Each structure stands twice: as structure tokens, then as C-alpha cells.
Amino acid sequence: MTNFHQPKLPVLYFDEFRAPRKSEGSRNGECVPELPAELLSMCFSKFADWGDLAKLAQVQKSWSDILNDAANQSMESKWELAQALLHGTCGLEKNAERAVLVMKELSNIEMKENQTPEKVFEDCECFAPALRMISSCYFEGNGVAKESDLGLAWLKAAFQLGSDNEAAHEIALIYEYGRHDVEVDVVAAANWFKEAAENGHVEAMAELGLCYELGCGLEQNDEEALDWYTKAANLGHVTSKYSVGEAFEEARGVPQSDEEACLWYYRAALAGDEDSKKSLRRLYDIARIVVPGVADIVNA
């Protein structure tokens, strides 16, 4: 969930874009006082939301761009405006089409006809959250025509140009389960799990280990499976700890060792894994020697 902040404006914004003054002797507002530009900007920064700025834009022609001017103060501000437009929050009416346009500007990406992403400005970063949200809009047909291919293209850009490792994992799941009307492709899924795993995504490490264990999308390889399970386990992935224990018990990719298996089952059981508790009960005669106090775990 996005935490919204008050939109910001330059300190002297209302000095540069001042509303036209009433002529002397006019019947309406002839005594309206002028507040200092700094005070006006401070008031809006502390009390106004995006909807207030949108209303103000309708008051004076010189303020017609105030919404964009506030958004352009930072990437965070532009992102918040896009979220407010997308969901109809912060005093704004929902306008998914405009939200997508703001996000595309924020993304710093132009999608070519062959769905190849290119940076608009080489020296500027690509804002990964915007890239992922644009992909979601294409998957769901929210503010744009529903196009799964373009959804995938924007999601891949989030990983390749936005360094968003979660995007690589999401792509793998899309190919694995055929989400968003994308055809199931276990080879593509395994390759994307590998991309994410090699960049430190723990869940992808466990998924990649399973791919190697089952030979799903990759050539079956017990040693590689154990390697990735171990990496995930050492980073706290509970079911991977169980998988490492199972590999030692069944001599898959490593010499058989019930003692080592019990140690790994114990680590997973401490984190609440029920299968590991069952394995410790089955190997209890060995576990009670290797792991003092194991009875407290298996009987819990």
C-alpha cells in the first residue's frame, strides 16, 4: 500500500505563477489581500492533497499546470500522483489512462514496435515500480488495451533496465502457471527462475532447485538442485532446509548421511516445518543423539 505525502511546490511558485490581480474599483474581491508566495507554498505543502491542486488548476489559467508542476518535483511525487490517479485517491477521480501516461513518463522507457524497451534518457534511471505497474495495467486492461505480450515486455524491462529482481521471479511464475493468458513454458520459467536466483532472490533459488531436482525445464541434476536448495536454506528458506535434509537422507547429489539429514530437518522443524518434524520422528533413534533436545520439537 502506498503511503501518500503532501504534494510539494517550489517555494516561490506562486510568485512566478501569480493569479491576475483585481483591478481597482472592481465590485468583487477589491480588498482581497495578497499572501507572500513562500507562505502560499508552505500552506499547500502542509495541507493540500492532489485533489486540491486539481481544483486550483481550474481557478486560474496561470495555474493550469500546477498538478504536473508539483509532480515534477521528484520521482516520488510523480509516482504518488500516478497512484492517486490509478486508484482514485487523494481527492482525485480515478483516471487510469492518465495514470499510465504519468507512469510511462516516470519509467524513462520507450517500448518500440518489436516490444524492445529503450531508455529515453541514458543518464536517467528507470523507475522499476512504474515499469511493473504498467505491466500490470496491460495484463488487466486497466487504462490501456489488454495485451499480455506488452505486459510481459514491460515486466522484462523492469528486470533488465530497472534492476527489479522480483520482476524476474514474477515472469517465471507467469510462464510456469500460464497466467494472464500466457502459454505455459517450463523452459522459459526455469530460465527466469535462474535469472532471479543468480541475483539473490531466495524463493527463486528454491524454485530453481526444484527444477533441477525434477528435470523440469532444465536437465535433471541432483548436485545443482542441492546447491540451490542449500543457498536458499542458508538464507532462511524453510522448505529448502527440509529439501537439503531429504537429499542427505536419500543420497541425492551427496553421500548418504542420516546424521546430516537430521541436522537439516531439525533446522526446518525449528521454523515450524511439519514434514521435517515427521522425518525427525521417523529417524528419532539417530536424531536424539545428533540433536540434543529434539524430543521437545517432535512432541510439540
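**Close-up 1. Glu-118 and its salt-bridge partner Lys-112.** In this predicted model, Glu-118 is partly exposed, its relative accessible area being 39%. Its partner in a salt bridge is Lys-112, and the closest N and O atoms of the pair lie 3.8 Å apart. Lys-112 likewise counts as partly exposed, at 30% relative accessibility. The model contains 11 salt bridges by the rule applied here.

**Close-up 2. The salt bridge between Arg-282 and Glu-249.** The closest N and O atoms of Arg-282 and Glu-249 are 2.3 Å apart, and the two residues form a salt bridge. Glu-249 has a relative accessibility of 17%, and because buried means under 20%, Glu-249 counts as buried.

Close-up 3. Glu-274 and Lys-277 are joined by a salt bridge whose closest N and O atoms are 3.5 Å apart. Both residues lie in helix α15, where a spacing of three residues corresponds to about one turn of the helix. Glu-274 is partly exposed at 44% relative accessibility, whereas Lys-277 is buried, with a relative accessible area of 11%.

**Close-up 4. A network of salt bridges.** Four residues, Glu-213, Glu-246, Glu-250 and Arg-252, are linked to one another in a network of salt bridges.

**Close-up 5. The largest nonpolar core and the surroundings of Trp-154.** In soluble globular proteins, nonpolar side chains tend to be buried together. The largest nonpolar core of this model has 84 residues, of which Trp-50, Met-103, Trp-154, Tyr-175, Phe-193 and Leu-280 touch the most other members. Helix α8 (residues 148-160) supplies the largest share of this core, with eight residues. Apart from neighbours within four places in sequence, Trp-154 is in contact with Lys-104, Ser-107, Ile-109, Met-111, Leu-131, Ile-134, Ser-135 and Tyr-138.

**Close-up 6. The packing of helices α9 and α10.** The axes of helix α9 (residues 165-177) and helix α10 (residues 186-198) come within 8 Å and cross at roughly 165°. The two helices are therefore roughly antiparallel to each other, and their crossing is left-handed. On the α9 side, the contact is made by Asn-165, Ala-168, His-169, Ile-171, Ala-172, Leu-173, Tyr-175 and Glu-176. The α10 side contributes Ala-188, Ala-189, Trp-192, Phe-193, Glu-195 and Ala-196.

How values were computed
Residues are numbered from 1 along each chain as its sequence is written. This is a predicted model: local features need pLDDT of at least 70, side-chain atom pairs count only at pLDDT 80 or more; totals for chains, interfaces and linings use all residues. Side-chain values use heavy atoms; hydrogens and water are left out. A salt bridge is a side-chain nitrogen of Lys or Arg within 4 Å of a carboxyl oxygen of Asp or Glu. Buried means under 20% relative accessible area, exposed over 50%, partly exposed in between (1.4 Å probe, protein chains only). Helices (H or I, at least four residues) and strands (E, at least two) are DSSP runs, numbered from the N terminus. A nonpolar core is a set of buried Ala, Val, Leu, Ile, Met, Phe, Trp, Tyr and Cys residues joined through side-chain atoms within 4.5 Å. Contact means heavy atoms within 4.5 Å. Axes are lines fitted to C-alpha atoms, for helices over the stretch in contact, and angles run from 0 to 180 degrees between N-to-C directions. Angles under 35 degrees count as roughly parallel, over 145 as roughly antiparallel, 65 to 115 as roughly perpendicular and the rest as oblique. A crossing is left-handed if the near helix is turned anticlockwise from the far one by less than a right angle, and right-handed if clockwise.
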